[in-house]
Amino acid sequence: MVCARRVHLSVERTLSTLSLAFIRVHSRATALIRPTVIALAAASAGFAATAPSKPNILVIVSDDQGYADTGFQGAKDIPTPHLDRLATSGVRFTNGYVTHPFCSPTRAGLMTGRYQQRFGHERNPFYNPADHREGLPTGETLLPARLRPAGYVTGWIGKWHLGAAPEFAPQRRGFVETYGFIGGGHRFRDWTANPAVEYQVPIERNGTAVETPPHLTAAFGAEAAAFIRRHAGEPWFLYLAFNSPHNPQEPTAERLARFAAIADPLRQKYAAQVSLMDDAIGETLAALRATQQEQRTLVFFFSDNGGPVGINGSDNSPLRGAKGSVYEGGIRVPFVVAWPGRIRGGATDERPVSSVDVFATSLAAAGVAMPTDRKYDSVNLLPYLTGEQRGSPHARLYWRNAALLAVREGEWKLVRGAGKSDELYHLSEDIGEARDVAAANPGVRTRLAAALDAWNQELIEPVFPGAGGAEKRAKKKAKQK
C-alpha cells in the first residue's frame, strides 16, 4: 500500500508538471480555454480550484506530556520549534485544562463535549476486543459524527483508547478514514505484531492491519500530512492523537544522540521522544502551508493529562502533582488554539479553558448547531478568542477521579482528597498549591464545597471496571489458584 501511494503521488506530480508546462506554451490561447486549463492543472496538483467555505479542524493531542515540556512553556533542554511556531501563530492558554488526569476519560470528554462522568467513562478501559462494556458508551454521539452531515471528511490518526470491541472502533463512531492502534499504548519501533498483546497490536488502516512502520511517531506525522494534502479541496476534521511521550520511551538512535547532554537517561529518552513528536507535528503543519490551508484551519494542541513525573521523564514545574492527581500537575497542560487570519497570534490568555471546549468550538466554526438532547459542558471559545465576548468562558471547572475531586472558580480552587478535609488554594498567588488557605477563607470554602457537591450529584458511577479493575481481578484469580 505504501508503494501504491508513492506511485500515486509521483503520477500527481508528473501530471502537475505537464499541465503547468501546457499553460506556459499556450499562454496566448483564448480567454475561454485558459481558465479551464488552469483549473485542471490545479486539480492535478492536488489543490482545489476554490477553497471550501467551511474551515478545517485539526486537534492534536500528546500523551503524558509535562506542563513544562515545550519551548513555549519554558523548556530549555527540549527544543520544540514547530510547537513554538504554532503557539506564536495562535493563543497560548496558561490555564488550559483537561477534564481528567488519565488518558481515556479525557478523550471521552473531548469527543462528546460532556464531563465523561455523566456517562460513566471515569476509568481507562482495559484492552479486550471481546469485552463490550470497556469503552465509550455507544449512546454518546462523538464530534466527528456531528460534523459529517455538514460535509466534513473525518479522520483519526494515532491512539484510540476508547474501547477495543468492534462497536467502539473509530470507524463506527463517525471517522471515515482511520490509521493507528485501538489500545491505550504501543511500542514505537522494532516490535513484532501480536493481536493478543496491547502494546504490540498491528497498526490498522480503516480497520485492516498494515505493515509495521519504522517509527510510530514519524508514521503518524506522515499520515496526517498525507490526509491534509488528500483533502485540500473539501472541509475536514482530523484528530491526531500521538502516544508520545507516553512510555515506553523508544526514540531513534539518531534522535537520542542529540540529547546526550542530558544526564538523566530517562529524561534523555523522553526529550528525544518529544523532539520526534515535534517534528511529526511540524510535518503536519507544513502540509497546511504547502496546500494553502493554514488560513482556514482551526488548530488545537494539548496533552491528555499532566506528566507522570518520575515515570516517563516529564516535568510539570511549577505545578504540584502528576498524572492521576487533581492537583494542577495532573490536569493543567500545555494548551494552544490557533487560527491564522481569524484569531490574533502571539497572545497569552490566562482565562481557564478546558479540552471539553473543543466540541462546541469546532461545531461553531463548522456552522453546526450545538445539540440539545442532553446536558453539555463544552463552551464555544471563538467569541472569547476574537474579543467579541469578554469575561471567563467558565464560571467553574470540575474534576473527579474516584475519591479525588476538585473545583476551580476564578483564582480559587478547592481540592477534596480521600478522607481528607477540603483544601483551598488561591492559584494566582500560589500556583504550586503549597499553602492551604481554607481556614482563613471559610466562606469561599463553603461556597465551593457546595458547588462541588451539586455537580457530583449530577454524575453517575463508572459503567465499566477499567484497567485497574482488570488488574485486581487477575490478582484475585491468581491467589485462588
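What do the buried residues of helix 10 pack against? Before you click, some ground rules: this is a predicted model, where local features need pLDDT of at least 70, side-chain atom pairs count only at pLDDT 80 or more, and totals for chains, interfaces and linings use all residues. Residues are numbered from 1 along each chain as its sequence is written, and side-chain values use heavy atoms, with hydrogens and water left out.

**Stop 1: helix 10**

Select 357–366. The buried residues there pack against strand 1 (56–62), helix 4 (103–112), helix 5 (143–147), strand 9, strand 12 (353–354) and helix 11 (382–386); contact means heavy atoms within 4.5 Å. Helices (H or I, at least four residues) and strands (E, at least two) are DSSP runs, numbered from the N terminus. Colour by burial next: 9 of the 10 residues of helix 10 are buried, so the helix is largely enclosed by the rest of the structure. Buried means under 20% relative accessible area, with a 1.4 Å probe and protein chains only. Among the buried ones are F359, L363 and A366. Step just past the helix and you land on G367, which takes a positive phi of about 75°.

**Stop 2**

You'll find 10 of them in an open sheet with mixed pairing, ordered 7-6-5-4-8-1-9-10-2-11; two strands pair if DSSP finds at least two bridges between them. Strand 7 (208–209) and strand 11 (347–349) sit at the edges with a single partner strand each, so one side of each has no neighbour in the sheet. Zoom in on strand 11: it pairs with strand 2 (91–93) in the parallel sense over 3 bridges, and D349 is the bridge partner of F93. Helix 10 packs on this sheet too, touching strand 1 and strand 9 (297–303), and its direction makes about 175° with that of strand 9. Such angles run from 0 to 180 degrees between N-to-C directions, with axes as lines fitted to C-alpha atoms, for helices over the stretch in contact.

**Stop 2: helix 6**

Select 216–230. Helix 6 lies across strand 4 (153–159), strand 5 (177–181), strand 6 (204–205) and strand 8 (236–241), running at about 175° to strand 5.

**Stop 4**

Head for the open antiparallel sheet, whose 4 strands run in the order 13-14-15-16. Strand 13 (397–401) and strand 16 are its edge strands, each pairing on one side only. Helix 12 (442–457) packs on the sheet, touching strand 13, strand 14 (404–409), strand 15 and strand 16, at about 60° to strand 15.

Strand 15 (412–416) pairs with strand 16 in the antiparallel sense over 4 bridges, and V415 stands opposite E423. Their hairpin has 6 residues between the strands, including G419 with a positive phi near 75°. On strand 16 (423–426), E423 and Y425 point one way, L424 and H426 the other way, and all are buried.

**Last stop: K413**

Find K413 in strand 15. Is it buried or exposed? At 0% relative accessibility, K413 counts as buried. Its side chain reaches the backbone oxygen of V326 at 2.7 Å.

Note on methods:
Buried means under 20% relative accessible area, exposed over 50%, partly exposed in between (1.4 Å probe, protein chains only). A polar contact is a pair of N or O atoms within 3.5 Å; within protein, one must be able to donate a hydrogen and the other to accept it, and residues adjacent in sequence count only if both atoms are side-chain atoms.
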